[in-house]
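Colleague: Could you walk me through this model? I am new to reading structures.

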Amino acid sequence: MTDNEVGSGAAEGAAPQDASDGPFDATGAGPLVVVENVNKHFGDLHVLRDIDLTVNRGEVVVVIGPSGSGKSTLCRSINRLEPIDSGTILVDGKPLPQEGKDLARLRSDVGMVFQSFNLFSHKTILENVTLGPVKVRKQGKAEAVKNAMALLERVGIADQASKYPAQLSGGQQQRVAIARSLAMKPKVMLFDEPTSALDPEMINEVLDVMTDLARDGMTMIVVTHEMGFARKAAKKVVFMADGQIVESNTPEEFFTNPRSDRAKDFLSKILTH
Ligand SMILES: Nc1ncnc2c1ncn2[C@@H]1O[C@H](COP(=O)(O)OP(=O)(O)OP(=O)(O)O)[C@@H](O)[C@H]1O
Ligand SMILES: [Mg+2]
């Protein structure tokens with residue numbers, strides 16, 4: 001795990017809570033994430049091409065597409081693990097900061113869960129979840145422990161709090177990673193293929209936690225090929241190919257009536273698995 005990734009989903013500036021909809025209802029006006037005309041290259045490779053994407057508060061957007069289409073790069077751009085070449089990205093109405101304290105605040109607003117859980121192996125589950133709030137958000141130890149236990153309860157593993165990551169299954173570790181990210185009180189959560197490294201029988205326990213989060217009003221951008229989750233939780237499916245957003249539609253429309261040949265071809269491949 002890099003320093004950047006430790007900071008991911010970190011720092012002060014927790015979203016004010018609004019009791020109206022659910023625990024994660026983000027207050028404020030306008031969309032939570034706006035990506036406008038974003039371009040990025042890796043050397044000669046044009047990896048993001050004129051990307052436009054709007055994610056409203058409390059909305060779940062699933063990003064799907066072939067390997068190498070730029071899905072991870074898009075996620076990493078949104079919390080500035082990757083700089084972009086042109087265009088704008090706004091989180092809660094503000095452009096992405098370049099560096100320093102403002103960048104730490106952005107990372108606190110944008111939580112990220114990766115395919116590999118990246119837990120600290122020499123720290124207990126509880127310590128993994130309290131570390132960020134105590135170190136970065138300067139939360140008191142007692143408060144951090146209380147919050148962490150509530151989150152571990154929420155993801156169904158409070159009874160594992162004193163264990164070490166290696167003593168947990170992959171699905172349990174990924175749920176810890178989600179709790180750890182939530183402990184920073186992000187406004188939006190990015191998930192990059194959170195279940196693709198898991199054994200099949202553990203996929204659902206992680207998707208269930210994510211479905212609950214969606215139901216509770218968390219704004220989420222989720223890279224996944226889990227169509228059941230997309231149908232159940234997503235407002236919108238975005239299909240990427242070759243660095244472009246080729247289609248953007250409701251899950252129902254996208255899965256039953258894909259318009260582009262690229263999407264039809266892609267879906268025929270994943271559906272036959
Ligand atoms: N740091 C990097 N340096 C150079 N090229 C990169 C870098 N990261 C990604 N790429 C390239 O950019 C393209 C998009 O990669 P990205 O990881 O965003 O794709 P993806 O859609 O997430 O793919 P996958 O489904 O395999 O995870 C790929 O061709 C990849 O090889
Ligand atoms: Mg990827």
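This is a predicted model: local features need pLDDT of at least 70, side-chain atom pairs count only at pLDDT 80 or more; totals for chains, interfaces and linings use all residues.

Colleague: Which element gives the most residues to the shell around ligand 1?
Modeller: The shell takes in residues with a heavy atom within 4 Å of the ligand. Among them are Phe 42, Leu 45, Lys 71, Ser 72, Thr 73 and Glu 193. Helices (H or I, at least four residues) and strands (E, at least two) are DSSP runs, numbered from the N terminus. With 3 residues, the top contributor to this shell is α2.

Colleague: How many residues of the shell around ligand 1 are polar?
Modeller: Ala, Val, Leu, Ile, Met, Phe, Trp, Tyr, Cys and Pro count as nonpolar, Asp, Glu, Lys and Arg as charged, and the others, Gly among them, as polar. The shell has 4 nonpolar and 2 charged residues, and its polar residues number 6.

Colleague: What share of the accessible area of ligand 1 does the protein cover?
Modeller: Start with the polar atoms. An oxygen atom of ligand 1 is 2.6 Å from a polar side-chain atom of Ser 67, and a ligand oxygen lies 2.8 Å from a polar backbone atom of Gly 68. Areas come from the Shrake-Rupley method with a 1.4 Å probe; for residues, only the protein chains shown count as cover. On its own, ligand 1 has 640 Å² of accessible area, and the protein covers 58%.

Colleague: Why is one side of β2 and of β5 left without a neighbour in the sheet?
Modeller: Strands pair if DSSP finds at least two bridges between them. The open sheet has 4 strands with antiparallel pairing, in the order β2-β1-β4-β5. β2 and β5 stand at its edges, so one side of each lacks a neighbour: each has a single partner strand.

Colleague: Which residue of β5 is the bridge partner of Val 91?
Modeller: Strand β4 joins antiparallel β1 through 5 bridges, and Val 91 of β4 stands opposite Val 33. On to β5: 2 bridges join β4 to β5. There, Val 91 has as its bridge partner Lys 94.

Colleague: Is Arg 80 buried or exposed?
Modeller: Arg 80 sits in the loop between α2 and β4. Its phi is positive, about 60°, although Arg 80 is not a glycine. Most residues other than glycine have a negative phi. Buried means under 20% relative accessible area, exposed over 50%, and partly exposed in between (1.4 Å probe, protein chains only). At 18%, Arg 80 is buried.

Colleague: Which residue makes a polar contact with the side chain of Arg 175?
Modeller: Arg 175 belongs to helix α6 and is buried, with a relative accessible area of 10%. Val 155, Ile 157 and Val 209 are among the residues it touches (heavy atoms within 4.5 Å), not counting residues up to four places away in sequence. A polar contact is a pair of N or O atoms within 3.5 Å; within protein, one must be able to donate a hydrogen and the other to accept it, and residues adjacent in sequence count only if both atoms are side-chain atoms. At 3.1 Å, the side-chain partner of Arg 175 is Glu 205.

Key. Residues are numbered from 1 along each chain as its sequence is written. Chains are lettered from A and ligands numbered from 1 in the order in which they are written. Side-chain values use heavy atoms; hydrogens and water are left out.
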